[in-house]
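Subject: Structure handover

Hello,

Please find the structure below, with notes on what was found in it.

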Amino acid sequence: MKYFIQVFGCQMNISDAQRIAGLFESRGMKEVSTAEAADVFVAVMCSVRQMAADRVFGLEQKIKSVKKKNKKFIAILSGCITESDKPRFAEIFDHILDIKTLPRWLKILHLARGKPREGLTFARSRRLDLRDYFAIPPKQTSKFSALVPISKGCDNYCSYCVVPHTRGPLAARPPEDILAEIESAVKNGAKEVWLLGQNVNNYHCQGVDFAKLLRAANEIPGDFWLRFTSPHPKDFDDNAVLAMAQCQKVTPYLNLPVQSGDNHILKAMKRPYTAARYKALVKKIRAAFKKHRQGLEREIAISTDVIVGFCGETEKQFQNTARIFKEIKYDMAYISRYSKRPGTAAALLDDNVSDREKKRREEILNDIVKITALAHNKKWCGKTVDVLVDRVKNGFGFGKDRHYKTVKFRIEKNDIKPGDIVNAKIIKAQSFGLMGALVKNEK
Ligand code: SF4
């Protein structure tokens, strides 16, 4: 049998897709590159914004037309799915399956015997399934960048967010399983390991917290970079700050979602910190890197996630966000215009900032970050950085340095490939990228 998986959204969904692929291939199924060529099609969806959900609704015609040609075709939906969207999706997909039920999928789908079951199945998760789910070895889609989930779900219930509703409460994965998966990925050639969770730094399992987990991962033999996403400012304790700065494999890059720079809006978003506390945390993290790292690593690159036009956000409140952007001087920002998600607490509030105004606010923040990012990047000029190459195209190599900055460099000979770590001397800085010149090939 042949399968095709289409992923929408974040790295967690990519990681889930890797485990689905791992399960299917353990049964001899082969991956193909289109739904039309497949017997089993899985969409791993994202519900964070309505636009993301609409893209999955847009698959309806494609699924119908493939079903006409292939009567055995099975369409499965997994990922982040809101309860209110399920009835409509049930008309498009044969099965809506919670990812935590993955260990039961072959049985549910009768794939073990090659006979798909008729009719719609809703598979719900039991908490007990989680370790079995994680025990399914992922098919790492990148040989050099491994995605390792450390937890699932979230208990924070930020008022705008569907994740706690779609993924359930936070459940942590045992540390020995995480460390074994990192070890195996590094043995198989991973040069970068991402620790994933909806709220990574709220990790607690068997007496191990996030700081201890970072330290244990850092001890794993091998030359690899350790990254993580996403942390919550409220859970960043001093131990985590120190572990990050002291563990040399942890790269000097942090995405620290601020969401708003206004205390009133933060409260309405159910984000239990203030702008002042957030700024103090950033200051502490920057100081820790200055103290415990050498050379370029003394500067940590910081990016953020922010929402503009949250319900009731006034111009004055937005200006507080603009102010925090100017003060923190981010290296990058992922800016979202607020979009109402059914089932969340904020869905009951008035989404009263116009689309036009949201767009204007987005542009203002974007303009600020362009200036601050460029100022940071200019400091890179003349310096030599390690670049993990992820793409080679038209005589150029592209990759990320340890600060997660995109570096582009010209390739003279055809001896550079994705997964190589090269040295590039930075010759030009732009807001969201650096131009480098190759000084030495693979380390
Ligand atoms: S911390 Fe907040 S924004 Fe992040 S996944 Fe949990 S509820 Fe959503």
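Predicted model: local features only at pLDDT ≥ 70, side-chain atom pairs only at ≥ 80, totals over all residues.

Residues are numbered from 1 along each chain as its sequence is written, and side-chain values use heavy atoms, with hydrogens and water left out.

Ligand shell. Cys154, Asn156, Tyr157, Cys158, Tyr160, Cys161, Val163, Pro164, Gln198, His232 and Arg271 surround the ligand; a residue is near a molecule if one of its heavy atoms lies within 4 Å of it. By class, this shell has seven nonpolar, three polar and one charged residue. Nonpolar here covers Ala, Val, Leu, Ile, Met, Phe, Trp, Tyr, Cys and Pro, charged covers Asp, Glu, Lys and Arg, and polar covers the others, Gly among them.

First sheet. Helices (H or I, at least four residues) and strands (E, at least two) are DSSP runs, numbered from the N terminus. Three strands in the order β7-β10-β13 form an open sheet with parallel pairing; two strands pair if DSSP finds at least two bridges between them. β7 (145-149) and β13 (225-229) each have a single partner strand and stand at the edges, so one side of each lacks a neighbour in the sheet. On average, neighbouring strands of this sheet are turned by 25 degrees against each other, direction ignored. Axes are lines fitted to C-alpha atoms, for helices over the stretch in contact, and angles run from 0 to 180 degrees between N-to-C directions. Strand β10 (residues 192-196) and β13 run parallel and are joined by five bridges. Leu196 stands opposite Thr229 in β13.

Two helices lie across this sheet's strands. Helix α1 (residues 11-26) lies across β7, β10 and β13, at about 95 degrees to β7. Helix α9 (residues 210-218) lies across β10 and β13, at about 155 degrees to β13. Contact means heavy atoms within 4.5 Å.

β14 and strand β15 (residues 301-308) are joined by three bridges, and Leu254 has Ile302 in β15 as its bridge partner.

Helix pairs. Helix α13 (residues 315-328) packs against helix α14 (residues 355-378) at an angle of about 15 degrees, with the axes 9 Å apart. That makes α13 roughly parallel to α14 (angles under 35 degrees count as roughly parallel, over 145 as roughly antiparallel, 65 to 115 as roughly perpendicular and the rest as oblique). The residues of this contact divide into seven nonpolar, two polar and five charged.

The axes of α10 and helix α12 (residues 275-292) come within 9 Å and cross at roughly 35 degrees. The contact of α10 with α12 has eight nonpolar, two polar and two charged residues.

Backbone details. Most residues other than glycine have a negative phi, and most peptide bonds are trans. Thr229 and Ser230 are joined by a cis peptide bond, with omega about -5 degrees; Ser230 is in the loop between β13 and α10 (238-246). Gln259, not a glycine, has a positive phi of about 70 degrees and lies in the loop between β14 (253-255) and α11 (263-268).

Regards
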